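Please look over the sequence and the 3D structure first.

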Amino acid sequence: MVVSTPGLRDRARLDRPARVALLLGVVAVGYRLVLTLLTIPAANSDEATFGLAALHIAAGRERPVFLYGQHYMGTVEAYLAAPLVALVGPSWPVLRLPLVALYALFLWLAHRLTRRLYSPWFATFVVGLLALGTERVVRDQLTMVGGRPEVKPAVLAMLLIALGLAGHRVAHRRAAMGLAGLLAGSALWSDWLVVPYLVVAGLLLLYATRRELLGWSGALLVAGFVLGAAPMGWDNLRAPPGQDSLSVLRQLGAGGPTPPWAQRVTGGLLEGVPLAGGLCPVTGCARWQEWFGLLYPLLLVAAALLALRAYRRSAGRPTAVRVGPVAQLALVAGAALTLLAYVRGSLAATEPVTSARYLSVLQISLPAALWPLWAAAVTCRRGTVGVAGRLAGASATAALAALTATALVATGLFLAALDTPRTEQRRSVELAAAVRATGLREVYGDYWTCNRLTFDTAERVVCAVLDGDLTPGQNRYRPYWRRVGRAERPGYVLPVDSPAERRLRRLLGDHADAARLVEVAGYRVYHPPAAVRPWR
């Protein structure tokens, strides 16, 4: 997207709000870069599966469309990391560096969009809030668990393209339309959670360019979307019945009685929204941290009313003027639809803490949600309102201050507890080194051990997943299961005193202690004289 500018001299000049936002952005990216180099948050086997996909892509062995063992989570992140893995080899920091770049892009685009739709200092304030990060927030931003780091900048870019096209600030309009379609298709392939935002961004694009869509611009928009979504579409066309993405997603949403709406809404608002917004520790929200969840839907309603008022006041003016309020409505609608989709499922009531990650895309709409508070605070400060207006402005100022303070405290609590994830990661490294030192190359383990161990050893040790009864578990990459299954004397890497270890010791009987090679990092490594495969 090429946007015309008055000149190089004007373009290089930053006003004071932009300079402050740039400083905050540098601090934010630096903060996340340090966490990345320290492998914080600690890695797990879900992320390791993406890492193994990147390793296979780098070696030219595989071209996965979806995460191994799934048919709905795209592997865009694995393809982004593959060149670095090919260049310097697999490691957790190497795997996460592209995500740091995606976060920096998201922060820049969020600033540009907020400044374009609202005001310069408000854009700086939004950057400051997005710079903070609890474990829940940075885990969504920095760990390769699929979708969320890349779809957020994609949506913001689509919204900015629509604004640029409406304002005739884009030099190559057809190319911009094709890029918007490509971003939409790629985002859909990457993570279906972004569908509400793709819908509202597409409607905004339709509003901004409705007179061009019947020509080449519309054709390029469709072509870009088809190209971006092509990997997903091709895989779904070849999928067996019931294993396409839509069928799998329907199966994931089914099963068990659905909790009452009151429980789902309560869990979604009081836990999900504050957790996703970086106001609570990853373990859950205390009572004093839940207030923003109650306020959030009211803020969305207020933001929608402000946008509608601005749209009515712009009646009769060019599309370039009216598109701003429409974009504000798009941000509100994206957040509302995302929240509605979340509370429709049972996880909002049964597992609100762990499922709060599904609301991380709400960061896209943070400017829209906070704008009513900012507008009220600014109006009060200017002294152009009566007693009721001053009271509302003072309340809004207090709410913004409380939001900032809560986010700062939550981030501080996360930083004060960094020893826990560092210890967890160190133990993982120790385990990998110990298993390699035993000479074992094929082992069995549990799900949260296997792929992480395989990645930590760069596939020098291959692990297959067993459940607590020593029967086949969730093996995402089937070639590992087959390789370990062919081994004459596979090893076993099991958490101390876990159900699987107790079961193995019972099967080994008097030979259990003789088969144990080492105990390290809360695990015991066994190498029985003969394979133990009770499922056979």
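E501 and R524 form a salt bridge, with the closest N and O atoms 2.7 Å apart. E501 lies in helix α22 (residues 499-508) and R524 in strand β5 (residues 523-526), so the bridge ties together parts that are 23 residues apart in sequence. Both E501 and R524 are buried. The pair also belongs to a network of salt bridges that links E501, R516, E519 and R524.

Some terms need their cut-offs. A salt bridge is a side-chain nitrogen of Lys or Arg within 4 Å of a carboxyl oxygen of Asp or Glu. Buried means under 20% relative accessible area, exposed means over 50%, and partly exposed is in between (1.4 Å probe, protein chains only). Helices (H or I, at least four residues) and strands (E, at least two) are DSSP runs, numbered from the N terminus.

## Basis of the model

The model is predicted: local features need pLDDT of at least 70, side-chain atom pairs count only at pLDDT 80 or more, and totals for chains, interfaces and linings use all residues. Residues are numbered from 1 along each chain as its sequence is written, and side-chain values use heavy atoms, with hydrogens and water left out.

## Other salt bridges

The salt-bridge count comes to 15. One of them joins R476 and D46, whose closest N and O atoms are 3.8 Å apart. This pair links distant parts of the chain, 430 residues apart. R476 sits in the loop between β2 (462-465) and α21 (478-486), while D46 is in helix α3 (residues 45-59). R476 is buried, at a relative accessible area of 12%. D46 is partly exposed, at 25%.

R139 and E135 also meet in a salt bridge, at 3.1 Å from N to O. Both lie in helix α7 (residues 135-142), 4 residues apart, about one turn of the helix. R139 and E135 are both buried.

## Helix α7

Why is α7 largely enclosed by the rest of the structure? 8 of the 8 residues of α7 are buried, so the helix is largely enclosed. Contact here means heavy atoms within 4.5 Å.

## H56 in helix α3

H56 lies in helix α3. H56 is buried, with a relative accessible area of 0%. Leaving aside neighbours within four places in sequence, H56 is in contact with R61, E62, Y68, E459, Y477 and Y480.

## The whole chain

The protein chain has 23 helices and 5 strands. Its radius of gyration, taken over C-alpha atoms, is 25 Å. The C-alpha trace spans about 85 × 55 × 50 Å along its principal axes.

Of the 536 residues, 52% count as buried. Among contacts with a separation of 6 or more, residues 24 or more positions apart account for 73%. The accessible surface (Shrake-Rupley method, 1.4 Å probe; for residues, only the protein chains shown count as cover) comes to about 23800 Å², of which 62% belongs to carbon and sulfur atoms.

Terms used: Rg over C-alpha atoms; globule rule 2.2 N^0.38 Å.
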